[in-house]
Amino acid sequence: MGDERAARIAVIGAGLAGLLCARRLQDAGLHPVVFEKSRGLGGRLATRRAEDNRTFDHGAQYITARNPSFRAMLGRARQAGKADLWRPRLAPGMEERSEDWLVGAPAMNALVRPLAEGLDIRQQSQVTALRRALGGWHLEGVEDEAGRPFDAVVCAVPAPQAQTLAADEAALVEHLAAVRIAPCWALMVTFSELFDPGFDACRPDGEALAWIARNSSKPGRAAARDTWVIHASPDWSRENLELEREEAAARIVALLPAAFGRDLPPIDHAVAHRWRYALTTAPLGRPYLATGDGSLLIGGDWCLGARVECAYESGEAMAAAVLERFGLEQLDG
Ligand SMILES: Cc1cc2nc3c(=O)[nH]c(=O)nc-3n(C[C@H](O)[C@H](O)[C@H](O)COP(=O)(O)OP(=O)(O)OC[C@H]3O[C@@H](n4cnc5c(N)ncnc54)[C@H](O)[C@@H]3O)c2cc1C
């Protein structure tokens with residue numbers, strides 16, 4: 001097929017679901033254009049950098065996988081040195097098994113980089129609406145030099161954001177509106193001296209905080225200066241959602257001595273990040289939504305749950321559906 005008539009596909013969102021889908025489409029011979037509103041790739045598989053090479057994985061903390069094809073992708077990432085096991089010392093009382101906790105290396109978002117290689121990705125490009133156009137879809141808010149609509153659009157963003165983009169599609173909006181995703185305030189902290197409370201991961205008692213992790217205990221991170229990531233609970237995050245970042249940081253810092261159960265060294269870095277849509281509490285229950293003609297697909301982790309693996313499975317299913325529509329075969333891996 002010449003370029004004139006080649007299928008035009010847009011993927012909105014460069015989190016794992018969007019990137020995996022785009023990768024599969026490209027590997028099968030299509031040339032999707034990926035639009036991502038932020039500067040980075042990976043979405044909630046996120047890493048923030050601070051001075052002195054310190055990094056904070058302030059979104060997803062670790063990955064577990066049962067899906068064979070996801071496990072195979074993670075296996076390849078491990079072989080390539082882009083992922084490794086994280087064996088944190090768990091706080092007393094944590095009854096979880098951490099033998100198979102995987103993290104990106106040297107940072108969480110390293111996992112998605114191989115997926116992005118060679119893709120046409122437009123960063124800092126926020127789609128503001130999807131409009132049906134003659135024979136396809138027009139994306140508002142982003143530059144698109146081609147001058148003809150997209151034949152298919154894959155929208156891989158959290159359900160509430162997809163609802164805004166696809167507001168004209170009443171049948172889809174109804175399902176999107178039923179999905180629930182809890183927010184999360186994340187705090188990135190460095191103490192002025194090395195600090196060892198005797199654990200690397202903890203789910204604190206109490207209602208305000210949900211998670212404490214020594215980020216620098218993860219493989220490949222600079223361990224010379226401790227970095228810590230703290231997640232507030234869904235309830236606390238919801239109640240304090242509209243705080244300024246500085247105020248949210250101050251309030252979470254005030255909760256830390258009780259959560260650690262001891263006095264803390266002085267803090268020399270404390271920055272908060274608001275995840276407005278963090279963890280799905282009421283999923284869709286199937287891997288994606290689509291218009292009747294199959295030209296718009298909407299997915300992401302929230303279709304199946306609150307985990308990275310759910311994003312993978314949704315992205316994979318959307319890719320398969322698009323390829324089927326265009327009569328193409330999915331390549332493994
Ligand atoms: C605080 C926190 C802790 C977590 N902990 C874990 C954990 O320990 N283990 C686990 O398995 N999972 C965890 N998760 C969940 C995990 O991060 C997600 O399931 C997964 O990363 C979601 O991937 P996704 O591709 O579906 O969505 P996202 O990663 O959210 O990707 C969506 C992308 O779309 C972009 N976007 C949105 N709107 C637009 C627009 N209009 N135009 C263009 N681009 C747009 C966003 O910028 C983003 O890059 C956690 C999440 C958070 C926030």
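Visitor: What makes two strands a pair here?
Guide: Two strands pair if DSSP finds at least two bridges between them. This is a predicted model.

Visitor: What makes E1 and E10 a pair?
Guide: Strand E1 (residues 9-12) and strand E10 (residues 152-155) are joined by 4 bridges. The cut-off is at least two. So E1 and E10 pair, and they run parallel. Ile12 has Cys155 as its bridge partner in E10.

Visitor: What is the strand order of the open sheet of 6 strands?
Guide: The order is E7-E2-E1-E10-E17-E16, and the pairing is mixed.

Visitor: Why is one side of strand E7 and of strand E16 left without a neighbour in the sheet?
Guide: Strand E7 (120-122) and strand E16 (288-290) each have a single partner strand, so both stand at the edges. Neighbouring strands of this sheet are turned by 20° against each other on average, direction ignored.

Visitor: How do you know that H1 packs on the sheet?
Guide: H1 touches E1, strand E2 (33-35), E10 and strand E17 (296-299). A contact needs C-beta atoms within 7 Å. The direction of H1 makes about 160° with that of E1.

Visitor: Which strands does H8 lie across?
Guide: H8 lies across E1, E10, E16 and E17, at about 170° to E17.

Visitor: Why is the ligand said to lie between domain 1 and domain 2?
Guide: Both domains give residues to the shell around the ligand, so the ligand lies between them. Helix H1 (16-27) and strand E11 (180-191) are among the elements that each supply at least two residues of that shell.

Visitor: Which residues come nearest to the ligand?
Guide: Of the 39 residues around the ligand, these are Gly13, Gly15, Gly43, Arg44 and Gly300. The shell divides into 23 nonpolar, 11 polar and 5 charged residues.

Conventions:
Residues numbered from 1 in each chain as written. Predicted model: local features only at pLDDT ≥ 70, side-chain atom pairs only at ≥ 80, totals over all residues. Near = placed C-beta within 6 Å. Nonpolar A, V, L, I, M, F, W, Y, C, P; charged D, E, K, R; others polar. Domains from an automatic or database assignment. Axes fitted to C-alpha atoms, helices over the stretch in contact; angles between N-to-C directions. Contact = placed C-beta atoms within 7 Å.
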